[in-house]
Amino acid sequence: MEKKIDSLLSEMTLDEKIGQMTQVRHFDDISEEDIATKFIGSVIHTQGPLPGKNAQEWQDKFSHLQKLALSTRLGIPLIFGVDAVHGQNTYEGATIFPHNIGMGATGNTELVEKAARITAIETQATGFNWVFSPCIAIPFNEKWGRVYEAFSESTELTEAMAKASVIGHQGNDLTSKRAVMATAKHFIGDGATDYGVEGGESSLDPEAVEKLLLPPYRVAVESGVGSVMASFNSLRGVPMHAHKTLITNILKGGMQFDGIVVSDWKGYSRFGENDVINAGVDMIMAVEGDFEMYQQGLKRGVESGEVSMERIDDAVRRILRQKFRLGVFEYPFPDASLIPEIGIQEHRDVARQAVRESLVLLKNEDNLLPLDKNLSKIVVVGEHANSSGLQSGGWTINWQGTHENYAGATTILEGIERLAKGEVIYDPNASGNHDADVAIIVVGETPYAESFGDIGGEMDLYQITLTAEHQRYVDAYTSRGVKTLVVLVSGRPLVVTNEIEKSDAFVAAWLLGSEGDGVAEVLFGDYDFKGKLPHSWPKSEADYQGKYGPNFWDDSIPPLFPIGYGLNYKDK
């Protein structure tokens, strides 16, 4: 393989090399002719026009682009990337798993590996061979808008989950059409910024970076991860996209990572242009107007000596290496035989298992749970109970998620209606004043992604407590003496101390994905609770006066519940 790479490199012009270092969307950034004339190396699908109406049309679109790449002088194939971060979540009808915070709560590495394997199959079925997953951040502050993308605040648990995810996605044979190239992200410190600001500054010292943040990357590299994505944040004043010490010296040198370091969105223009290349980033997401300025700017940098040809050749070698490992030189086109496997019951059963095992029981006063299926009347409260979009969070169908139901998914309410033998009344906004044997009140966050979910940041759209409306839902039934079970759907621990005190039982359900009916299987006792908190749980808003929230490695802020806490039906 290395000899083939040497041969290709020796034939390539500078323009062809820069083309290989370029990643663009299949819309807006380029004309189709640019695939061949600009020698594009990779295409991504993100928020925007869909490649087609169904999986076959998605495959056909990418096959057409691939044929353009293969028509070039050297015929170097494209690789196709997508943000499939909890299933193939950009394709409606795919199996969507709980977000990583929920997978972390399962503590089940075998399940994480299975979920990644299924994601690989359904991602390949829609035409992609590269996913930007797993996120192996260590969140230091629940105000960060991407807490749910990470498995846990525990470095040790994240290491185990990172290994399982990489192996699940990539399998034993990366050339298989049932495997995809995984991406460990975001290197490094994305979750450790001061005050939880997405893309902000991290003031962590090198010892803390080494002890808390780097170990999951070492495990991912040892597991053969094919790519690593640079992070938006800065570390002690240096943008991570331009941090040569960490990218080149530590990741590529010390860890001996031989895959692709890919930028994040508009990484070239945002973080110093050719400084990014010199730091060791190999492929640039040249999107939203960056395409021509990036290719021209890098070419000028090489011609002026600002960027060495040795650095260019290292980048292109890594890209070609992964293309050979993926087998796209021999098998450049997607496999249509995989399309019938999208969203099949076998896959959904695994996602439903993940839902069940992710649920964490925080309170069960007087053994309210498991619920008796023969209760005469159950009231289910809250819009989150009847919306697969709300229960799934960001990065679901759309970048910022959806508030609507989507194809193939089931809701929490559907599961309750399926298992309960008595009357089930749905009271979406707690206005019904119903008497009942029990009220199941489903509250939580609306979907968000990236900086949109930061608490107290520029957007400031969210809060660390329940909204006043959702607090009212809980009060409407607890104040009348109705036995109350609260199910919290959220991408992070929230300050809900009052709601926990008022309720008879309280369940942290995280962000469930497509199989919401799995919740009822645990509530009614078909299965016991297995989930354990992957994060320390905050006690009050005062816990967030400093840079970080309450974390198990910092005992100066005692949490309401420690990491690893979780009751089950055996706990009386």
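Strand E2 (42-45), E5 and strand E10 (260-265) each contribute at least two residues to the lining of the largest pocket. Strands here are DSSP runs of E with at least two residues, helices are runs of H or I with at least four, and both are numbered from the N terminus.

Good morning. Before I continue with this pocket, a word on the basis of the values. This is a predicted model, in which local features need pLDDT of at least 70 and side-chain atom pairs count only at pLDDT 80 or more, while totals for chains, interfaces and linings use all residues. Residues are numbered from 1 along each chain as its sequence is written, and side-chain values use heavy atoms, with hydrogens and water left out.

I return to the pocket. Its volume is about 740 Å³, where a volume is the space filled by probe spheres set on grid points that are joined across faces, edges and corners. The search uses a 1 Å grid over the protein atoms alone: a pocket is an open set of points with protein on both sides within 12 Å along at least five of seven lines, a cavity is a set where a 1.4 Å probe fits but cannot get out, and lining residues have an atom within 4 Å of a point. The lining of the largest pocket comprises 36 residues, and Thr 46, Gln 47, Asp 83, Trp 395 and Trp 399 are those nearest its centre. By class, this lining has 12 nonpolar, 13 polar and 11 charged residues. In this scheme Ala, Val, Leu, Ile, Met, Phe, Trp, Tyr, Cys and Pro are nonpolar, Asp, Glu, Lys and Arg are charged, and the others, Gly among them, are polar.

The largest cavity has a volume of about 140 Å³. Of the 17 residues that line the largest cavity, Val 85, Asn 100, Ala 115, Ala 116 and His 169 lie nearest its centre. Helix H5 (100-106), helix H6 (109-125) and helix H7 (155-170) are the elements that give two or more residues to this lining, and H6 gives the most, with 4 residues. The lining of the largest cavity has 10 nonpolar and 7 polar residues, and no charged ones.

The second largest cavity holds about 80 Å³ of space. Its lining includes Met 12, Glu 16, Phe 39 and Leu 74. That lining divides into 7 nonpolar, 3 polar and 1 charged.

Next, the sheets. An open sheet of 8 strands runs in the order E4-E3-E2-E1-E11-E10-E7-E5, with parallel pairing; two strands pair if DSSP finds at least two bridges between them. Strand E4 (130-131) and strand E5 (183-187) stand at the edges with a single partner strand each, so one side of each has no neighbour in the sheet.

Buried means under 20% relative accessible area, exposed means over 50%, and partly exposed lies in between, with a 1.4 Å probe and protein chains only. Strand E12 (residues 360-364) runs antiparallel to E17 and is joined to it by 4 bridges, with Val 360 partnered by Ala 508. Strand E16 (residues 484-489) runs parallel to E17, also over 4 bridges, with Val 487 partnered by Val 507.

Finally, some local backbone features. Which residues of helix H10 (residues 244-254) are buried? They are Leu 246, Ile 247, Leu 251 and Lys 252. Seen down the axis of H10, these buried residues fall within an arc of 130°, so they line one face of the helix; the arc is that of the directions from the helix axis to the C-beta atoms.

Gln 256 follows H10 and sits in the loop between H10 and E10. Its phi is positive, near 60°, in a residue other than glycine. At 65% relative accessibility, Gln 256 counts as exposed.

There are also cis peptide bonds to report. One joins Ser 133 and Pro 134, with omega about 10°, and Pro 134 lies in the loop between E4 and H7. Another runs from Phe 187 to Ile 188, with omega near -5°. Ile 188 is in the loop between E5 and strand E6 (201-202). Thank you.
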